[in-house]
Amino acid sequence: MTMNGEWLEMDTLFYDGSCPLCRREVALLQRLARPTLGFQNIHTASGDNLPSTDALLRSLHLQRDDGAMVTGLAANVAMWQHTSFGILWRILMLPGIRWVAERAYNVWAQRRYARMYGCAVQQGQP
């Protein structure tokens, strides 16, 4: 992507378009983020190199411009780096804080997934 003749790296955030909380956060990010962050609803995503839909739903995923995938807390921090609030989110990656923040994020992500998709998973549908 170019802006004013400069090449901008473009990251893509994969979000759950069926989740009200996810949609609200994406709406906020769309207002705050620079044009270096794109958004892709997991339910309409396609591509050979993407994780499964189930994996995308279980944890936040952000794909870097170079194709590298960042997940979980690191993806959350990475997406906020596209806003002027990014420095605040970097605190979560400091040793000690990161350990606690990753565990808290993982518990939250598991509960969100179970609440949203628990019955469908038990029936064999992601």
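Tutor: Let's start with Arg58 and Asp54, which both sit in helix H2 (residues 53-58), four residues apart, or about one turn of the helix. Helices (H or I, at least four residues) and strands (E, at least two) are DSSP runs, numbered from the N terminus. Before we go on, a word on the source: this is a predicted model, in which local features need pLDDT of at least 70 and side-chain atom pairs count only at pLDDT 80 or more, while totals for chains, interfaces and linings use all residues. Residues are numbered from 1 along each chain as its sequence is written, and side-chain values use heavy atoms, with hydrogens and water left out.

Back to the pair. The side chains of Arg58 and Asp54 form a salt bridge, with 2.9 Å from N to O; the term stands for a side-chain nitrogen of Lys or Arg within 4 Å of a carboxyl oxygen of Asp or Glu. Side chains of opposite charge can pair when their charged atoms come close. Arg58 is partly exposed at 40% relative accessibility, and Asp54 is partly exposed too, at 23%. Here buried means under 20% relative accessible area, exposed over 50%, and partly exposed in between (1.4 Å probe, protein chains only).

A search of the whole structure finds four salt bridges. Another of them joins Asp11 to Arg64, with the closest N and O atoms 2.9 Å apart. That pair links distant parts of the chain: Asp11 belongs to strand S3 (residues 11-15), and Arg64 to the loop between strand S5 (61-63) and strand S6 (69-71), 53 residues apart. Asp11 is buried, with a relative accessible area of 4%, whereas Arg64 is partly exposed at 34%.

Next come Asp16 and Arg112, whose side chains meet in a salt bridge, again with 2.9 Å from N to O. This pair also links distant parts of the chain, since Asp16 is in the loop between S3 and H1, and Arg112 in helix H5 (residues 97-122), 96 residues apart. Asp16 counts as buried at 2% relative accessibility, and Arg112 counts as buried at 7%. What is Arg112 in contact with, leaving aside its neighbours within four places in sequence? The list is Asp16, Cys19, Cys22, Leu57 and Tyr117, where contact means heavy atoms within 4.5 Å.

Cys22 takes us to helix H1, whose buried residues are Cys22, Val26 and Leu29. Seen down the axis of H1, these buried residues fall within an arc of 60 degrees, so they line one face of the helix; the arc is that of the directions from the helix axis to the C-beta atoms. The face of H1 turned away from its buried side carries the exposed residues Arg24 and Arg31.

Of the 126 residues in the protein chain, 34% are buried. Among its contacts between residues at least 6 apart in sequence, 64% join residues at least 24 apart.
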